[in-house]
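Subject: Structure handover

Hello,

Here is the structure we talked about. Please open it and keep it beside you while you read my notes.

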Amino acid sequence: KYTPKDKDEAAKMIESLFVWRKENNARDLDYSKDPDHCLTSMFYKNKDSDGDDIMWVQSKFFDKTKRAEFEKYLIWLVENRPKESECSRITIVLALDGVGLTEADIEFVKYFINIFMYYTADVMKKLVIHNMHWLLNGVWKIVSLLLTEGAKKRVFFVKNKEIHKHMDEKAVLACCGGPDTGGFKA
């Protein structure tokens, strides 16, 4: 049963979402053309085992000097999901092969988590973290403090073949040990 306090909290959350969208110009972003392909480390490709879209995030291609652009691009990607998937949830695969402490961008990770926890919580079905280097365990401990218990239940750490628990083998990109050699296609 809902209380008036729940309604007030819901209203605050909705207001917060509208303010966030306005501050980030979510309606005006357009990355449909990225001639330099500087932001192609995040893209949609293939479907998970439930038939929902997979957003691939290849962290080793992040350029920390372009963090602001990556943040806006992430908003654009979420806002511009494939048309048939507008109401469905997505699986996000964070491919961490070749990513160590020097490539880890904690500020972007916090931003990424905030988007999927507070502003688009209904979008992320699960986050599959593939091949996280043991050196990043400390980073994960810090990041996990930011997550609710419900969010933590949607995070899965997998190594190589374990990714097939979350998607068909044909859907797995080569960067995660699968047969799909494709990446971003403009």
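Start with H130. Leaving out residues up to four places away in sequence, H130 touches L94, A95, L96, D97, V158, K159, N160, I163, C175 and C176. Contact here means heavy atoms within 4.5 Å.

A word on the source. This is a predicted model, so local features need pLDDT of at least 70 and side-chain atom pairs count only at pLDDT 80 or more, while totals for chains, interfaces and linings use all residues. Residues are numbered from 1 along each chain as its sequence is written, and side-chain values use heavy atoms, with hydrogens and water left out.

Back to H130. This residue lies in strand β4. Helices (H or I, at least four residues) and strands (E, at least two) are DSSP runs, numbered from the N terminus. Is H130 buried or exposed? H130 is buried, because its relative accessible area is 0%. Buried means under 20% relative accessible area, exposed means over 50%, and partly exposed is in between (1.4 Å probe, protein chains only).

One of the contacts of H130 is L94. H130 and L94 are 36 residues apart in sequence, yet 6.0 Å apart in space, C-alpha to C-alpha. The H130 side chain reaches the backbone nitrogen of N160 at 3.4 Å. That is a polar contact: a pair of N or O atoms within 3.5 Å, where within protein one must be able to donate a hydrogen and the other to accept it, and residues adjacent in sequence count only if both atoms are side-chain atoms.

Now two asparagines. N160 is found in the segment after β5 (155-158). Its phi is positive, about 25 degrees, although N160 is not a glycine. N160 is partly exposed, at 46% relative accessibility. N131 sits in the loop between β4 (124-130) and α4 (137-144). Phi of N131 is also positive, near 55 degrees. N131 is buried, with a relative accessible area of 13%.

Next, the sheet. Five strands form an open sheet in the order β1-β2-β3-β4-β5, with mixed pairing. β1 (42-47) and β5 each have a single partner strand, so one side of each is left without a neighbour in the sheet. Two strands pair if DSSP finds at least two bridges between them. β1 and β2 (residues 53-58) pair in the antiparallel sense over 4 bridges. Among the residues bridged there, Y44 has M55 in β2 as its partner.

Best wishes
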